[in-house]
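Reader: I would like to learn how to read a few features of a model. Please take them one at a time.

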Protein chains: 2
Amino acid sequence: MKEVRDFYLLLHPRPAYVIGSGRWGERVNFMAASWVSPVGEEPPSLIVALGKESLTLELIEIYGEFTVNVIPISLVEELYYVGSRSGRDEDKSRVFKAERGEKVSAPIVKDSLGVLECKLMNEVELGDVKLVIGEVLSAKADERFFNERTGWDFKKISIPLHNWGRGFFKVGEFVMAKGKG
Amino acid sequence: MKEVRDFYLLLHPRPAYVIGSGRWGERVNFMAASWVSPVGEEPPSLIVALGKESLTLELIEIYGEFTVNVIPISLVEELYYVGSRSGRDEDKSRVFKAERGEKVSAPIVKDSLGVLECKLMNEVELGDVKLVIGEVLSAKADERFFNERTGWDFKKISIPLHNWGRGFFKVGEFVMAKGKG
């Protein structure tokens, strides 16, 4: 095996989501993020790793709220766009059709497959990033594509898995472990 | 959209890795984890969310080290096995061919595609879990399947994306964003 410079490439591809921040009617921003993970069920919580200079982090710190939007791979151009531009340089509020969250005042992406509305619980400083820990106040899915037991129906839709730069993957073939032993 | 009970299903499927813990020659344990994310480049770091009762967490706290092993989907039975049994009830040290890490004394999985050797940097308490934050001391990939610029070559191999229970997905079709706009 050979040493790898960018360690994170070993951990990709990863689902890429749209983070909505700001406050509906005042300031709205979207960015793409794949350094996201659920972390606990009690309380329901997730983390997002954000660069310290990012506008998204600043808005989450101001308003204490954000959304995580699970989008179909058909929105990959919009996803890449909000992931490669900074809200400090341009207004990204109109890249997606959006509306106010129900539990939070941050924006949600209307054409999402699923939306998680989150309240900032805690932050952890870590070199060039902050880990934002969010409590999930509400989690909703488009019932045409989601099953409460097995999650998304990847025969009907796919989500973008971020590889590197402009490269993404779809979700592939299903494999069932036999679970013997 | 309908409300979802298990919010984390909205964020799956996610790459599932094997976490190696303990100390080679003394105590060795493996578990499966998909609630894992890279979080920063400076320092190179990642998080793993672990149940407070897990043996893996206990061993990481004792020895201050662990490994994250990226395995091919051909090892899905072994992956599911170490993910569905507790090291408190049975010895999981021989499920994989293993050896000592190079930078850490924790075990690595020999048939991995990639291995990240980590030192415990910090922990965050969060209800029923602890977030383990690891500094990546070494990251290595099997050069037959890895490109320094674009990561894994998913035309040649696949990794398991965890869906739910025994269900996994392979990585699918490649999609390149045009990046116009």
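Reader: Is A:Lys97 buried or exposed?

Author: Read the relative accessible area against a cut-off. Over 50% counts as exposed. In this predicted model, A:Lys97 has a relative accessible area of 58%, so A:Lys97 is exposed.

Reader: Which residue forms a salt bridge with A:Lys97?

Author: Look for the closest N and O atoms of the two side chains. Here A:Asp111 is the partner, with those atoms 3.8 Å apart. The pair links distant parts of the chain, 14 residues apart. A:Asp111 lies in the loop between strand S9 (107–109) and S10 of chain A. A:Lys97 lies in the loop between helix H2 (76–84) and strand S8 (98–100) of chain A. A:Asp111 has 39% relative accessibility, so A:Asp111 counts as partly exposed.

Reader: Please give a case from chain B.

Author: The side chains of B:Arg144 and B:Asp142 meet in a salt bridge, 2.7 Å from N to O. B:Arg144 is exposed, with a relative accessible area of 56%. B:Asp142 has 10% relative accessibility and counts as buried.

Reader: How many salt bridges does the rule find across the interface of chain B and chain A?

Author: The rule finds two across that interface. In a salt bridge between the chains, the side chain of A:Lys170 meets that of B:Glu173 at 3.6 Å, N to O. Strand S15 (residues 167–176) of chain B gives the largest share of the side of chain B that touches chain A, ten residues. By class, that side has 50 nonpolar, 17 polar and 20 charged residues.

Reader: What area do chain B and chain A bury between them?

Author: Start with the general idea. The size of an interface is often given as the accessible area lost when the parts come together. Here the two chains bury about 8000 Å², with 63% of it on carbon and sulfur atoms. Of the area that chain B buries against chain A, B:Met1, B:Phe7 and B:Leu10 supply 10%, more than any other three residues. Contacts give another view: 87 residues of chain B are in contact with 87 residues of chain A.

Reader: Which residues does A:Glu148 touch, not counting residues up to four places away in sequence?

Author: First locate the residue, then list its neighbours. A:Glu148 sits in the loop between strand S12 (146–147) and strand S13 (151–152) of chain A. Its contacts are B:Lys2, B:Glu3, B:Val4, B:Arg5, B:Asp6 and B:Leu9, with residues up to four places away in sequence left out. The side chain of A:Glu148 reaches the backbone nitrogen of B:Arg5 at 2.9 Å. A:Glu148 counts as partly exposed because its relative accessibility is 22%, and the cut-off for buried is under 20%.

Reader: Is B:Ser37 buried or exposed?

Author: B:Ser37 is buried, with a relative accessible area of 0%. B:Ser37 is found in strand S5 (residues 36–41) of chain B. Leaving out residues up to four places away in sequence, B:Ser37 touches residues of both chains, including A:Trp35, A:Ser37, B:Leu46 and B:Ile47.

Reader: How do I read strand pairing?

Author: Note the direction, the bridges and a facing pair. Strand S1 (residues 2–3) of chain A runs antiparallel to strand S11 (residues 129–141) of chain B, joined by two bridges. A:Lys2 stands opposite B:Ala141. Within chain A, S10 and strand S11 (residues 129–141) pair in the antiparallel sense over twelve bridges. A:Lys119 stands opposite A:Glu135 there.

Reader: Which residue takes a positive phi in the hairpin of S10(A) and S11(A)?

Author: A:Gly127 does, with a phi near 60°. The hairpin has two residues between the strands.

Terms used. Residues numbered from 1 in each chain as written. Chains lettered and ligands numbered in written order. Predicted model: local features only at pLDDT ≥ 70, side-chain atom pairs only at ≥ 80, totals over all residues. Heavy atoms only, no water. Helix = DSSP H or I, 4+ residues; strand = E, 2+ residues; numbered from the N terminus. Buried < 20%, exposed > 50% of the residue type's maximum accessible area, 1.4 Å probe, protein only. Contact = heavy atoms within 4.5 Å. Polar contact = N/O pair within 3.5 Å; in protein donor to acceptor, adjacent residues only side chain to side chain. Buried area = accessible area lost by both parts, 1.4 Å probe. Salt bridge = Lys/Arg side-chain N within 4 Å of Asp/Glu carboxyl O. Nonpolar A, V, L, I, M, F, W, Y, C, P; charged D, E, K, R; others polar. Pairing = 2+ DSSP bridges.
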